[in-house]
Each structure stands twice: as structure tokens, then as C-alpha cells.
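Work through the exercises below with the sequence and the structure side by side.

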Amino acid sequence: MKWLRTKRHTAVLLVVLLVAGLFPTGIWAEGDLLVSLGGVALNKDVYAGTKNAELTLTINNASDAALNDATVWLDVTGSDILVETVGSQTVNIPALSSAKVKFMIQASPAASGVQSIQAVVSHSEQEKKLSVKFSIKTQDYNPPIEDPDPIASPLVLESFTARQEQINAGERVTFDFTITSPEWMSTSSKVLVTVNVPDSVMLPTGQTNTVTLDPVSRTKPGKGSISFDVRPEAQTQMVQFVIVIDYIDQYGNAKTVQAQRNLKVNGKGTAGDRAVLSGFSVSGGVIVPGRSFTASVNVQNVGSEELSSITLSVKNLSAGGISPVGDGGIAKISALGGGKTVQATFHLFAAMGLPSGVQEMEISGVYTTKSGVQGTFSSTFFVSVTAPGGAGTAGLRIISAEAKGATAGQNVDLAVVLENTGSTALENVSIKVSGLSTSGAMLQGAFDTFSVGTIPAGGKKTVIIPLRMSPQAPAFVTLDLTLSYAGGQLEPQNIYLPVAGGGSEGEIGASLMLTELSANGVAPGAEFVLTYTLKNIGSVPLSNLRISFSGETFVPASGLNLFTEQILEPGASVTRSVKLLAANSLSAGMAPISLSVEYAGGQENVGGYLRVTGESVEGSIPRVIIDSYTLDPQNVEAGSRFQFTFWLKNTSKTTAVSNFKITISSADGIFTPVAGGNTFYTEVIEPGGVEEYTIELSAKGQAEQKSYPIIIGMDYEYGTGGRYTGHEEINVYVSQPVRLEFTNVNYSMGAMQGEQIYLSLQFYNKGKTPLNNLTILVEGDFMMMDGEMFIGNFPAGNGDYFEAYLIPMGVGMVTGNLVFAFEDAAGEPKRVEVPLTVEVYEAGDPVGPGDPGPWIPAFPEEPIPEEPGTSGGLAWYYWALIGLGGAAIVTVAVILIVRAKKKRVSAEDDWDA
């Protein structure tokens, strides 16, 4: 054996492994530490395609000092070997002792010959590597007994895009596509890709719509292209492309994979010859059911004559689909010159029940030219409606993902902890890392997918992903982790890794993650309790969180589809439980659930999957839920009245409810009816029917500022003798009215041009809640000498004194406001104004009849200091100054007398008249 000497904590052991013999060939000498590989063993022969082969490394510490926190991993770069378990392990070896480290490996089905891998034992930043080899037997391949029916994951259509930015009628368009293999597999034959599209829209440019690709493997994706001619008469529409992939996998099984893509075709449309529409878009890129959004479209005057007026409107609006917010369904343009383009904006709302998919929106317009000619035009646009799902699942989830000690320019291990919270084992679990190219991080090895193997029900496993941070890495690195298992794949989940020494670019703001999502007894048509934990994984606090459930698969059984949280600090979590009702249409398996979270300054969607079990309970108890509700006014203040309107929906598709009695109440009498009773009666609500109810309520004046439930009691009959009694609750936020009051408001009502005005007042918070971020500023034709003043948080019951010097910016009657701007306890911006009116005279002008009287200095007078020895009198030089200024004083006095005399004479003349 050859002895290698390096500095303490800087050596790396690499060994050469041979399946036949498996003798150690490497030593690590570190000061007094002597580390060597005692042996290498495999629990079975390794064939091409072999899975779950256990590789055991024995590491000897022949020194009299312990080897602690050594890292061991396999580097399989350039080989056809995949590490199925954790990427690296940490080992502690006492003095004069040994330790065993085990890895589960898999051979590619295409493996052949001798594969070269490296076993790395690292205890420092410096690494030295020697080749570790063992042979892979590829002849006479027989699947292992424990894997008699191997199944390869299907090929994936990774991309399908048009080369042109727009697909237009009458043009030729070429589509490029990429086919990839998600696992260590390769096809044993060529791959046939067939692109199907309605021939009423377009036809293949060549003789066929099928493209043949060479065999596809993980390291060799299939890429191809195909061209179509769009029919000249094609209208504007969203076209569905069906891509069929046929191939034979490495086990000789014929496979067919089908994927769909929707692309827009721009047809001739129905636009008039004067104006056209283009560039349609919606805020956020998609429409989310239950939320308001803005839609924008470009309007171009394609003629040479000016259009004096244009009125645009969105067609096909309805309460159950897309409806306007106020007058938001109409946009008006006053004038548009020839060849000019302007953007029109609509404010709309998507109903909660709007189904996911492609939504058609028609926008029509009416114009009038400058010469009086009128015309119409219209265009149809398409936009996606979606209730986005999130990452994570009730069966498989990421508990944590940490890279402790991550430093720019250094190596670090990312430890990802996975948990199976389901009731059955998950097999062939793997985790794929993406987003590396733009994140500032890279993998130390060549593979981006790490195999985890099987995670038993309730079990956990840790995956170590070796990373290297770029020297130019940002302060926070963002990566996408995609979890896969036999039978399914989850949506990518973002993780954020803090990097010491990272730059300011890429620092994250607010971001949320569901760290827990669990429920028991989820069955079609049944109620269940969902428990979720929402974590702020960002770097800034989130305030005024509003959480709602998207879609109709799971709806709150408590009625209100809105839950609030006041604040969530960085790194903090909040766990809540809510009673939900599962849709009758659900079937056994995994069903997506999505939560939409709005907060001050942003909005995110998080979610996952729930396991649905059992049969539908439809027909047992038809459930009536609160479909929606409104408040008028929307902000309820303590001591005020408001209209409460709500809609109740019979969720049963087959059973009606009858003799329906509703009782409105609240705890501690927070909400009381203004007039009439608090009960409603409905004879019958048909299956799927919705009924509307309205009641005027008054909020208790002494109510603290917080949310209070309105309790809706329900009593109804169904079927033959069935009866249900229960209640639903809606939480209504009650705010205390703002009572910011002022006294002793003093300032001069008249001033000369350029003169400063001294203003003072006292202000009191007589309300029951604090005024947060209180700022005092001036608006209008005044300037505050010291600029705006920030007070901060002003508690309830407090008072203070304010003074400032103002300069009127004009001549004549100058007006403005002293503004007290703040946020109330709910975070809503508020303002209270003190009006200011000052008559300003030009310097040297005679004073008119409106003269406010003798001029008073803007600055308060201060007593003249006494000189020692003057016995309370003035020093001689003060008398000298008075003498020098006497002429000026007399002049001012004469002006004042003349002004007063003119004013008096004018008033007498007016009286005589």
C-alpha cells in the first residue's frame, strides 16, 4: 500500500473496486490518522438493468484518534450506474475501529462493459480522487427474481412549440418538439411521433403527420419538427394538438403515450376596417375562479382619419361566469388618431364555480370618426381558467430542505427530508433537481435525479444532494424539487437556500409553503376535517393574510370560503383545521386541493393532494352550504348597520330539502337584526338549487376590533322522514371607527406674499384602536418648512401637540389641507384632513376691503434679554436700534391706519348704498 500524507482534515480517500476480489487499494493518511478501505461487497450480481443492488464499503480507522463527521458518497459521473439511496452519508469512526457504509445502486438497461465509479471519503474542502472500478455483466440478461415484471416509466413530451410567435390563417407554421426519458431506460426501437390537429384548421405540409425519431434514452432525448399549412378561411380559435408517441421499451413492451397542447390560431376575425384589437392579456396570466382580475387589449386605428370616440364592451358576461366589477365591462376612449394605438382595460370578476379550461372572451367596439361615420368591430380572444395546484401531497411531502453552511464559491450538502404520510408504501421514489442554470448553484455530480427507493407508510428518508455554490451566487438560491413515485409525479416545489457571502441579486421576498396537509375520512359527499400548516419561507413578514379554497372539489362546510391571519413572520408557521365537504363527483384516489393566499403586496397559490377513500354517501344526508355572501358596506364598523346577503346551495344532485328554516344569531349579541325577525322559511330547495336571503344587522358599538361569527342555523327535512339540524358560520371583521380629533387650531388667516405662517394644533386619538405609521403632511398650495413629519404608532387615548411653519405658494385665496395619514388596526390606509385657507397679498399692494386687519408677525415674539446692571431696563444699544428703526415703524403704522381708514370708508359706502 502506498501512504499519502496531507494536512490534517484535508485528505480524501478513493479506492479501486473490483467485483471479483474487491480488495482495498487506497489509504488516507492524515497526521496521526490512518484511514483505509477495508473491503467492498455487493449482495448480488449486477446485470444491465439490475435494481436495488446493495453496495457495502468498510472504512478502517487505524489511528489512535477518532474520525468524526467524515462524508462518504459515490461519484458515478460518466458511468451507467445510478445511486438509488441517499447521495452521501456522514460517518463517525472511533480510534482503532471500522464502520460500514451502504448504498443502493442501479445499473442502466443500456450498461455494458466495465463501469468506472468513485467512492469518496471527504473530511475537508480539498478532495483527491482515485478511480474505483467493478464490472457490469450484460450478457444473457435475466430480470432478477424480485423484479419479475419490470415496468419502465413512459416517455415524456417535454416541449411542443411553434417557431412563429403567432399562428395566422393562410400561413405555414413549423412546430418543434422534444421527447425525453424520465428514468434510466432507452427505447429498443425508433420512436414514432404523430401530431393530430383538426383538418378544418390546418393540414400537414408533407404527405404525413408522423415523424420518426431514433431510439430515445435518458442521455439522448429525441428532437423533431413538423410543418402544417393553416387554412386561409380559419377563424380565430384555440386549437387542440394531440401528440401520440409510439415505441417499444427496453423490455420489449409496446407503449403508447398521448399528450395534448392548446395553441391559439389567429383567424381573419370580424374586425372592421377602421379599428382592430390585439395584445389581449389578463393580470397574472390566468383567470382564477373566485377572484377579480383586469383584462387589457390594444386598440389600433388602422385608418388615417381620427376616431373621435370608441366604446368597447366585453360580451357574454354572466353572474355564473365572468361578470363586470361595477362598470368594468365597458371601456371608453375619447379620441384616437390615425395609425395610433391605445390600451383599454376592463375590471372583471370570475365566479367561484367557473370551470378550469380555456375561456372565450369576445370584445366588441363601436366607433365614430371625426367626420361622423360610425362603425363596429369585434374580436374573440382566449384565456386560461385554472385553480393552480401546489406542491406537496398527503401521501408524499418534503418536511425540510436545508443546506447548512452554504457559502458562495464553496461545496455544500443539501439535506432533503421526505415523509410518506399515507397508509401504503410508496415505491420508486425519486427527487429531481431543476432550476440550476439560473440559481447560482450546480450539482457536484452529473445527474440531477436522486433515487430514494421505497418509503414505507409513515416513514421518512433523507436525501443528500451535493451542491457547489457559484462565487457569484445570490444571497438566496432558488431550486425546484420534483418528487416522483411509482404511479405519479408531483408538481415542482420551490425551495430557498440562504448563501453566506451571496450578492444582493436574487434575494427573495414573501413566499409561502404548505408543510403539512392531512385529512382522514375523505369520501365523496362527506364532511372531513383538513389540517394544514402554512409557513412563511420568505425573508419578509406577511400581513393581512386572506386564505380561500379554489375550485369545487373541496368546499368549506362551514360556509365561508375565506380565512384570515393577521401576520406571519419569516420562518414562522401557523396550523389551522377547517371542516370541508368533498364533492360527490370524486372517486377513490388522489384529488388535488388548492389554497389561494392573498397578503399585503402579493398573492400565491399553494396546495397538494388528498387521498379519497370509500363510496359516495349521496342520498344519506343532502347538505346545504353557504355558496357565497356579501356585505354592504363591505367594511363593518362597530355601532353601524349593514346589509348581510347570503346564498344557500343544496349540494345534493338528487335529493331536495323541504320545510327549510333558517335562524340568524351571533355570540354575545355582537350582531342584532335592525328590524323584523331573525328567521327565514323556504318551502323547498331543489337539488343543486340556490336561494338568496338578506337581513339588515347592527354591529355592537362596544365590539373590539376583530372577527366575529354570524351563525346561520339550519333545520330542514329530506327524503321520507329524514331531518337535519345544524349550523354554519361566517366570520365578519368588525372595525372600530377612527376618532382623530383636533383642538386649538391656530394660524394666521392672512399673509404677505413669501411670508411664513406659524400653525399649531393639538390632536387626540379618541378611538379604541391605535393609528399605525401616522404621518403629518401638507397638500394643496402650501409648503411645510421641515417637510412631512413621521409620528409612528399613535396609541388609543393619547394626545399630542403639533406645530409647523407653512409658506403659501400663490397670491389671493390659497387653500390646502393639513393631512394626518395612517393605517388602522386592520392595515387599511386612512386619512383625516384639516382644511387651510389663507388670503395672500402681493408685497407692496394696497390692502383691499377683505384685509383681515393689522398684520401679526408669523413668528411668536420672544422677550428681549436684559443687560446686567440695567435694573430691568434696556441697554443703550437697544435704544439705538429702536431709534434707527423708528422711521420704519412709523411707516408701517401709517400704512395700517390708511388701510383701516379705507376699509371703514368702503364699509360706510356699502352701508349707505
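**Exercise 1.** In which strand is the place of Ile547, and is Ile547 buried or exposed?

Before starting, note that this is a predicted model, in which local features need pLDDT of at least 70 and side-chain atom pairs count only at pLDDT 80 or more, while totals for chains, interfaces and linings use all residues. Residues are numbered from 1 along each chain as its sequence is written, and side-chain values use heavy atoms, with hydrogens and water left out.

*Solution.* Start with the secondary structure: Ile547 lies in strand β40, which covers residues 542–550, where strands (E, at least two residues) and helices (H or I, at least four residues) are DSSP runs, numbered from the N terminus. Next, look at its cover: the relative accessible area of Ile547 is 1%, and buried means under 20%, exposed over 50% and partly exposed in between, with a 1.4 Å probe and protein chains only. Ile547 is therefore buried. Finally, compare sequence with space: Ile547 and Ser596 are 49 residues apart in sequence, and their C-alpha atoms are 5.7 Å apart.

**Exercise 2.** Find which residues touch the most other members of the largest nonpolar core.

*Solution.* A nonpolar core is a set of buried Ala, Val, Leu, Ile, Met, Phe, Trp, Tyr and Cys residues joined through side-chain atoms within 4.5 Å. The largest such core has 33 residues, and those that touch the most other members are Leu414, Leu418 and Met469. Several strands each supply at least two residues of this core, among them β30 (411–420) and β34 (460–469), but the largest share, 5 residues, comes from β35. A second, separate core has 32 residues, including Phe646 and Ala703.

**Exercise 3.** Describe the surroundings of Ser484.

*Solution.* Ser484 belongs to strand β35, and with a relative accessible area of 16% Ser484 is buried. When residues up to four places away in sequence are not counted, Ser484 touches Asn428, Val429, Ser430 and Gln489, a contact being heavy atoms within 4.5 Å.

**Exercise 4.** What is the order of the strands in the open sheet of 4 strands?

*Solution.* The order is β12-β14-β18-β16, with antiparallel pairing, and two strands pair if DSSP finds at least two bridges between them. At the edges stand β12 (156–162) and β16 (202–204), each of which has a single partner strand, so one side of each is left without a neighbour in the sheet. Between β12 and β14 (residues 172–180) there are 6 bridges, and Phe160 has Phe177 in β14 as its bridge partner.
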